[in-house]
Structure formats: structure tokens, C-alpha cells
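Please walk me through this structure in the viewer, one selection at a time. At each stop, say what to pick and what is found there.

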Amino acid sequence: MKDQYDIAVIGGGIMGCGAALRMAQGGMRPVVLDLGDLGQGASGVNAGTLSLQIKRVKLIPYALRGHEMWEEMGDAVGFRKTGGFTVAFNSREAELLHERQTLKAAAGAPIEFVSVETLRKAEPNLSQKVQAASFCAEDGYANASLTGQYYRAKLRAAGIPYRERCAVTAITQGAQGFTLETVDGPVHATRVLLAAGGWLQPVAQMLGVDLPVQARVNTVSVTDRMPPIMSHVIGHATGLLTMKQKTNGTVLVGGGWQGRGTPQTGRGNVTAESLLPNLALAQFAVPALGDARVLRSWTGFEANVPDFYPLAGALPGVPDAFVLGCVRGGYTIGPYISQLMGDFILGREPEMPLFDPGRDFEKALT
Amino acid sequence: MSDIYDIAVLGAGPAGTNAALSAARTGKTVLLIDEQPAAGGQVWRAKSKSIFSAPETPESRAGDTLRTRLVAATTQGTIDHLGDTRLWQVEREGNLWALHLLSDGKVAKRTARALVLASGAREFVQPVPGWTTPGVLGLAGATALLKSEQTPPGMTTVVSGTGPLAFYVASEIRRLGGTVVAVVTPNRRRDWLRALPAMLCRPKLLLRGAWWMADLLLGRVPVLWGHTVTSVTGQHAVSAVEVQAVDHVWAPQGAAQYFRADSLCLGHGLIPAIEAAQLAGAKIYHEPALGGWVPVAKTDGSTDVTGLYLCGDGAGIRGADAAEIQGTLAGLKAASDLGVEGLAEEMRALTRAHAALSRFGQAMTALSIPRSGMVQWSTAQTITCRCENLTRATIEAEISAGATSTNALKSGLRAGMGPCGGKFCQTAIAQMIARKTAVALADIPPPTPRPPLRPVPVSAMAEGFDYHDLPIPKPAPL
Amino acid sequence: MIRPIRSQQDQIGRSADVPFTYDGMALTGYEGETLTAALLRSGIRKLSSPARGMFCCMGLCQECTVLIEGRSVEACRVAVREGLSVRSMDRRT
């Protein structure tokens, strides 16, 4: 008799692994499949920022729970609660900062506005040109590179089978359930969860579903080891810059500058056109960074749908199929929303509402 | 010169310089980029500016000839030679190549219709206990020091490694007034006998080798065939070197011997430098006879990527003489693909010459093909990733925990994420994965290459930045 | 002793010695010679903490990285000039 799993999870990042762990806890038998190594997609290549200041207002309650879970994961994921500043360098940015952070604070994020003097005492190396700043004591970062190692250990400890470098090439649905064709042979499962991040569109198409998933190609860079020059995560009112200095002295620079490529072509490419202004802005914000060298830059795919809210629920039109992804702030929120998703598939009421993938994306969510 | 070059060449060694010269000869505009101040690559590295006179060697003569030919072209203006310039990123811009360069602390960009990569080789050193001690140099690294500074790496040196480099380095140290305490090579004389037919094609080189051996013999320098360095002693500097015999698969056996020395030159073969080729889109395959991971390319240098050509040791370790021919050929191929006619006959002759000249180089490369016992040279506590101080034990534990790819080890342990970008650890790491997972080396590719190809100062990237030029992005969804 | 290969070190003509400093120590090197070679000549092999020195000699391994005017650069790619001021790096985590 062929081995039939209760659910096949396509995508071994935070979303897929988190959901699989929750489902296994609830008595299901999942299998996790990934076209690469576990946690090598967005989960493993993002800048690791855990900041409530960059979360959407409606997602703040989810992000707060996410932060708690990252703190619990602790050293195993290199979690540090450093506190975070978002800075503005001119009046337009200051206005933007004020407007947006006020709304996020109202939604429950412990964000406050601080004087430039306070900022300077906390971050003496920040540019003198800062005009306004907000602060959130809950902010910090984790080491995204450790995602794969972390979840691999968790899946193993829970006895959940997983297959790496095992791309799914086709999915058929029959009376018994789903048959997934993979490079390592067929996998049979009663249900299927699509958690393929940037690859959600081609994977959903294997089931005949057209998900309007787009992928941004975010660039992250890391420097060589520097003496301590910053101690909090730093953000920019426009989102064009994120910076953090890790305990090993290296500085990670992000900000969503766009590289080139699509998940279908396999790899995103860094472009000098984006890289140069990204690093230039970083040096503008922290001039001491000028003594650093960039050792490595890479891109990751950040998936979204037109209304920039998550896909989390039943896959429209396909019974026993589910989808989870496109979460704005997926790294922060992933551990929590994947748990909610696991609960949903187990037939339990999730603690907080999910996000119907069958919704009309043109209308704003109510 | 012009805004868009016809052909850009990366690397001014025997291959790259000849590619530039042959391309320029056809009338195409040529840019030659090289990270050293003078042409010559590694094998024909120029002396530093501190040396104004020195006795010639075959390498210095070959290098001087190459440099003279290049200077003639640059003086005429048929080649723009950017020395002391490092390529840090290569991108496609439509059907052009955009080359992002770093020179004198500044970034610059050049564009070309065709790109010839002649990035040469670097070396593989099998990690042994104490190999990170100051005073341990790579064998090929030692040749760089010897050629550019005409100075030995220490007062008393053990020279150890596979292939001809060990004997070359030993003879050069002696020629430059140093003392070679011992030459230690895992190769046996029978390995060299196997190479004899190929060596007979190059009688001059064979004679030179015989001369080196005679000198070592008459100088009473111990030559330990079928031996390897198994450990280096010394806390802040080398003080002694431990040596053991090896069996036919190079596994250490028998009693250890010790040699007092203040320096060790250690190396186990050359490997193609493939990062630029990978970034440019070339595929790679595993061929031990060519040095390990090699980019896919034809003899004429053409690849699956339109407008991308590879030549020299960067396309497979075939030696300097084959590199010169292949460079010339690749330059002509690139020119011919850009419309220059009448090159077919010359290219055919070069192809034939390349095959003949590759024989010797490949026979030399064969001497360094890794054998299964080498992995035993590293103990559990031997540092394998030098940049991140990761021991063999740490890496193997992570493999056992399920990190069975070079990418996964990089993410989990930072193995290959340090300043060298994995250049000195990935071969040994792949060996470990192969051993523990029973997967063939050919199925354990190196990690995904990432720019920059060389570290770039943030200050170079920030030069000329004006805050007002920042794009004002659409505010993120609230 | 018959020596087919004799030392030719004394046949090498070099430029003048110029002063430079390394971690505050006053040293000299031949003008234009590679910094790592000059340091080697002065008996300095350990170029950083934890103990590392020059290894690949071609600008790849980054173990000879030193600080010159606050900027990190590979010592094997720096030419000695008069007044060069060099500091070693501490890479311990």
C-alpha cells in the first residue's frame, strides 16, 4: 500500500515548517517538501529585522505575538531585542514618520516619538542630520540564516519527514487525495498546503488556480566585522533603509532596494544600480560605516498579493487544499500565523482571524 | 576610449593578455581589466616596483615578453589596460555586459559587447592541524611572494605539496638564498613516471625539472616522496612541521618525523577561479582532471551564454602555455562572433596547438587530483573554515544534523560566509559532505555565488551620493 | 658542496629603505615592496588576532587585512611608501 500522508506541505520555510509542526502536534502526519534546502527562501535570506514600526496597522496584533515567539526561540535563532529607531532626515519624512507611527502605536505597538537628543545619546554614531525619530523597545532582530537549521532540528525532533532539494513538478487530485510528482518520485497526501512563498503562483497553477502573487526582489548586504558602531536596529521613515550590527560585528543593510529576477527563473540578481544607493544611504545615516567593506550582497523574493495582506486559508476552488504566504512582514509574523494556519487545518478555531485567499483583492479588507 | 567596448577581458595573465591582443589585432576595441598593477597573472607575475634589477628566470622572461607586447598595444591605443582594478559585479544590460569595477577606492562602470573571462586559478590546500599558523603559506601563494618580492618566505622552510609546484618553490627558495629543510610530497616517483610521456613533449621543462632534482640531491635537501605534512607546531609562528608517510590513497601511515622550520609552503593543486563565470551565468561541472569545478566552455572559449567566453586556467587547469593559445583563440572567437571574418583558419590552427599544449599541463594537474585518504589529514579539531574558525567536528556535526548541502552549511554555520567568500574551505567541506552522505562530489556543488567578487569599501559605493537624489518611494501599504 | 642552483639574492637590486609604522612600531621597508613582505622581513608574521598571517599572497584569503587610515585593506596588495601608518586588526569575536 502506498504511503499516504495526511498533508503535504509545499515549501519548507517558516510558514510551511511552522504549520507542519502545529499540525503534527494536533495528531496529523505531514510531510514537508522544498525545492531547495529548508529555510533558503525568504525565511533564510531576509535581513532578519523584527520591527513593529514597519508592520501594517492591521497586522500589529499578529506581529506582537510573532515577537513573543521569536523571543521564545531565543539563542537558537540569534534573537536580540535591541530596541529600534526609525529616523527621518527632512520635514517630509518627519511628517510621514509621525503620521504612520501614530497609527501603529494606536493599534497596540509600543512605539513612541523621541527627541533628537535622546536618539543621539542612544546612537552617537547616527548622522547629525536626523530631524525626527520614533522608538520601539520591542524591536530587534534574529539571524535569518539560522532559519533552516532551526526548523530542520524541530522537524526532526517531532519526527516530521521532510525532503530537501525535492521540487514538486506536478500535482493531481484524485478520489484518494493528491499525488505530487517530485524529482524523487511521487508523494501521496490527503490534503495539501501551499507555503511556497515567492513560488506560490507556479505551484498554485499546478492545481489550476491563478493566484495574483507578485514577488519583490529585496536586496540585503553584509559588511565585514566592524568595531561597535550601532546598538539598535535602525530604520528609515521611507523604509528605504534598515541596518543592524550583529554580535559578531558585521552590519546587515537592507531597505527593499530591488534586484532583478523572478522566482520562475530561479534566482534573483543583485544590481549595482540598487546596491550603490542602498549602501550610500546607509553611510549617510551612519558615517562610520564608511570604514566597512561590503563582503556579500544577495536578494530574496518577498511575495505579495495586490492588497498586501496575507493569503491564509482554503485554496479557492480546490477542496482539501490550503495556502499560506504573502504575509507582509512574514519573517516576524510567520511563526504565529503558521501556527494559526495549522489550527485552521486541524479544524480548530484559530485564535485570530485568518485571511481568505478567495477574497476580492481589489477591495480593501474590512 | 569609447563608451562601449567591443570586447572586455578580465585577467591579464597569459590567457587574458593574449585574448586582448588577438582581439585588438582584428580591429575590435578592447578593455583589459586586471587586479594587479602589471600584467602576467600568477604564473608570470611581475616583480614589485621595489626591485629594479634581478637575474632572469624562464617565468620572468615569459612575463616580460607578455608585458612588452601589451605595452606596445596600449601605447598604440588598441587596448585600454586597467591595472590595479578589481571586477566586483558583472551584469547583463540588454545584450551588453556591464562591468562594475573598483580601483583606488572608487567604483566605476564599463560596458562591453563581449566578455572574455580569464580569471585564472587559485589553490586548494587540504586543512591540517596548525595550517592557520602565521608562517604557513599556500604553495601557489609562495610563488606569488617569490616572484614579486624575490624573497624567501622565511629562514628555514619546509615545502610540501602535490605536483610540480613543490619542486619549483623549493628551487626558487634556494635560488633566492633561503634554506629548504625538506621537500615533502604525497606523490610517488611512479606518479611522475605516469606523467613522463606528456613531459617528453616538453623537453625543456623536463630538463628544468631534472635540474631542480639534481640540485636538491646535491644540496642534500631531503625529498620525502609519498609523504605529507600532518601537523604544524607553533603558537604565533611556525616552529616545526610534522610529516608522515602516506599510502597510495594518501592516507597517513607510520611514524611521524619532525622538521624544525620557521615557514611552511603547503598546497594541493590549483582550482579554477569560477566566481565571475558563475555570476555571468555560466554553468559549472565537476572534472577532477581539470582541477575540480570547471565552467562549461568549448575550446574556442564560447559558452552557453551569448557573448561570454572563458579561457586559461579559469576554464580548466591546463597550464600557462595552453592558456596563451586558448586566450588567443578566445579573443579571435569573440571578434569573429562580432562579425570579423577570415579568422577560421588561424582559429583551427590554434585549436590544434591547444590540444597539444594541454597535454603537459593536464598531466601536471593529474598529480594533484585529490585522493580519498587526504580527508584524514584533518583531525576533528582542525580548523576548516579559516574565516569563521570552524573546526571539522563542528561542520560534521552540522552535516549529521541534516545540513547536507554547501548552502545549508553556509547558512547554519557561516561556513563560507566570511571575508574569503568560501575560497579556501569549500573543497574540504564538499569532501566532508561526500564522505558523510555518500553523495558523489559531482553532486555537491559550491554555494550560490554572490557579488561582490571582491570586498568593496562602503565609502567607494557612497561616493557622490546626494540625499536629494534618493527616489521617493510610494509609501508602503499602511 | 656542488650547488647547481646557487643563491642569487645578492644580485637583486632594490629600492631605498623607507620608514613606516606598524602598530606604532617604527619599521623600514623597500619603497614599493608589498607590505606583507616588508613585515616578514622585520620578523612580523602574525598580522591579526587570533594569530593569522599572510597565506594566499594574492588578495583572496583576507587574512592579511590590516587597517590603514581606518580602512581595511589586504596588506599583500599594499605597496610600502614612506610614512605609511598601519594597524593590525583584532578579529576575535
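The tour below goes through a predicted model, starting with chain C and ending inside chain A.

**Chain C as a whole**

Select chain C. Its secondary structure consists of one helix and eight strands, and along the sequence these follow the pattern β-β-β-α-β-β-β-β-β. The C-alpha trace spans about 50 × 25 × 20 Å along its principal axes. Of the 93 residues in chain C, 41% count as buried. Among contacts in chain C with a separation of 6 or more, 40% are between residues 24 or more positions apart.

**Where chain C meets chain B**

The contact draws 37 residues from chain C and 44 residues from chain B. On the chain C side, 17 of the residues are nonpolar, eleven polar and nine charged.

Now select residues 51-53 of chain B and residues 13-14 of chain C. These are strand β3 of chain B and strand β1 of chain C, which run antiparallel and are joined by two bridges. Within the pair, B:Ser53 stands opposite C:Gly13.

Zoom in on β9(B) and residues 263-267 of chain B. The latter form strand β16, which runs parallel to β9(B) and is joined to it by three bridges. B:Gly138 has B:Leu266 in β16(B) as its bridge partner.

**The antiparallel sheet of chain B**

Next, select β13, β14 and β15 of chain B. In that order they make an open sheet of three strands with antiparallel pairing. The edges are taken by β13 (227-233) and β15 (252-260), each with a single partner strand, so each has one side without a neighbour in the sheet. The twist here averages 25 degrees from one strand to the next.

**Where chain A meets chain B**

Bring in chain A. Its contact with chain B takes 45 residues from chain A and 31 residues from chain B. On the chain A side, the elements that give two or more residues are α4 (91-106), α6 (147-157), α8 (272-285) and β16 (293-304). Colour α8(A) separately: with ten residues, α8(A) provides the largest share of this side. By class, the chain A side has 23 nonpolar, twelve polar and ten charged residues.

Then select β16(A) with residues 456-457 of chain B. The chain B residues form strand β23, and the two strands pair in the antiparallel sense over two bridges. A:Val294 stands opposite B:Val456.

**The largest nonpolar core**

Select A:Ala8, A:Leu194 and B:Val116. Of the 287 residues in the largest nonpolar core, these touch the most other members. Centre the view on B:Val116. Beyond four places in sequence, its contacts include B:Ile7, B:Val9, B:Tyr309, B:Cys311 and B:Ala334.

**Inside chain A**

The contact between them takes eleven residues from domain 1 and eight residues from domain 2. The domain 1 side has six nonpolar, four polar and one charged residues.

The last stop is A:Gly66, in helix α3 (residues 60-73) of chain A. Is A:Gly66 buried or exposed? A:Gly66 has 27 C-beta neighbours inside 10 Å and therefore counts as buried. Leaving out residues up to four places away in sequence, A:Gly66 touches A:Thr332, A:Ile333, A:Pro335 and A:Tyr336. A distance to check is the one to A:Leu52, 14 residues away in sequence and 10.0 Å away C-alpha to C-alpha.

Conventions
Residues numbered from 1 in each chain as written. Chains lettered and ligands numbered in written order. Predicted model: local features only at pLDDT ≥ 70, side-chain atom pairs only at ≥ 80, totals over all residues. Pairing = 2+ DSSP bridges. Helix = DSSP H or I, 4+ residues; strand = E, 2+ residues; numbered from the N terminus. Axes fitted to C-alpha atoms, helices over the stretch in contact; angles between N-to-C directions. Contact = placed C-beta atoms within 7 Å. Nonpolar A, V, L, I, M, F, W, Y, C, P; charged D, E, K, R; others polar. Core = buried A, V, L, I, M, F, W, Y, C linked by C-beta atoms within 7 Å. Buried ≥ 20, exposed ≤ 12 C-beta atoms within 10 Å, placed from the backbone.
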